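Subject: Structure for you to look through

Dear colleague,

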Amino acid sequence: MKYLVVGLGNKGDEYTETRHNVGFKVAEKIAETLEAPFTTTNFGWIAEGKYKGRKVLILKPDTYMNLSGKAIKFWMQKENIPLENLMVITDDLALPFGTLRMKMKGSDAGHNGLKSIQDELQTQNYPRIRFGISADFSEGRQVDYVLGKWNEEEKEKLPERIEKFSKACLSFVFAGIQNTMTAFNGK
């Protein structure tokens, strides 16, 4: 069985430590855990590893957030990966910092990366895991906040949260989405 785990983010040094790139950070942790180095390829960086006998492709699209769906569609078709074996890791303003929410389907909730995926795959029915970044910004400052760097308190807690999300994604690969949602949601 093959799985595609995709961390959403933006390429470029100016985005590396921003809230919007937390998907990249989780993807990097998964690759590190599987001792799978990233290589530059079509539509981004890909790492290939094994987890409990299952092949796992970890993708960081280089299409920028708003076109993430193009990279995902390409790799799903290239590797013949079924929709239920896709896991998308994204940031979420509607959740408190570090909150983990895994779902089997759902709307894009205004997230441009998820909107792109929905447009390309022609469905909202794909697994995703949302990383809460909270909504601690004043009116009209959403873009600055999302593309802003973590504050000191968040930086301190970030490694533990990234580890938790990495474990949840690997649990999805081995135990399936229902068992993983039961074990990890809200934790």
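In which hand, left-handed or right-handed, does H2 pass H3 in their crossing? Before the answer, please bear in mind that this is a predicted model. H2 passes H3 in a right-handed crossing, and the residues that make this contact are Ser68, Gly69, Lys70, Ile72, Lys73 and Met76 on the side of H2, together with Gly113, Ser116, Ile117, Glu120 and Leu121 on the side of H3. Sorted by class, the contact of H2 with H3 holds four nonpolar, four polar and three charged residues.

For helix H2, which covers residues 68-79, and H3, the angle is about 45° and the axes lie 7 Å apart.

The next pair is helix H5 (residues 152-175) and helix H6 (residues 177-184), which pack at an angle of about 150° with their axes 7 Å apart. Because angles over 145 degrees count as roughly antiparallel, H5 is described as roughly antiparallel to H6. The crossing in which H5 passes H6 is right-handed. In this contact, Lys164, Lys167, Ala168, Ser171, Phe172 and Ala175 of H5 meet Ile177, Asn179, Thr180 and Phe184 of H6, and by class the contact of H5 with H6 has five nonpolar, three polar and two charged residues.

H5 also packs with helix H1 (residues 22-33), here at an angle of about 65° and with the axes 9 Å apart, so that H1 and H5 are roughly perpendicular to each other. Their crossing is right-handed. From H1, the residues Lys25, Val26, Lys29, Ile30 and Thr33 meet Ile162, Glu163, Phe165, Ser166, Cys169 and Leu170 of H5, and the classes in this contact of H1 with H5 are six nonpolar, two polar and three charged residues.

Finally, there is the largest pocket, which holds about 420 Å³ of space. Its lining is made by 21 residues, and those nearest its centre are His20, Gly110, Asn112, Gln142 and Val146. Two or more residues of that lining come from each of strand S5 (86-92), helix H3 (112-121) and helix H4 (142-146), and H4 gives the most, with three residues. By class, the lining of the largest pocket divides into nine nonpolar, eight polar and four charged residues.

With best wishes

Definitions and conventions
Residues are numbered from 1 along each chain as its sequence is written. This is a predicted model: local features need pLDDT of at least 70, side-chain atom pairs count only at pLDDT 80 or more; totals for chains, interfaces and linings use all residues. Side-chain values use heavy atoms; hydrogens and water are left out. On a 1 Å grid over the protein atoms alone, a cavity is a set of points where a 1.4 Å probe fits but cannot get out, and a pocket is an open set with protein on both sides within 12 Å along at least five of seven lines; lining residues have an atom within 4 Å of a point. Grid points are joined across faces, edges and corners, and a volume is the space filled by probe spheres set on the points. Helices (H or I, at least four residues) and strands (E, at least two) are DSSP runs, numbered from the N terminus. Ala, Val, Leu, Ile, Met, Phe, Trp, Tyr, Cys and Pro count as nonpolar, Asp, Glu, Lys and Arg as charged, and the others, Gly among them, as polar. Axes are lines fitted to C-alpha atoms, for helices over the stretch in contact, and angles run from 0 to 180 degrees between N-to-C directions. A crossing is left-handed if the near helix is turned anticlockwise from the far one by less than a right angle, and right-handed if clockwise. Contact means heavy atoms within 4.5 Å. Angles under 35 degrees count as roughly parallel, over 145 as roughly antiparallel, 65 to 115 as roughly perpendicular and the rest as oblique.
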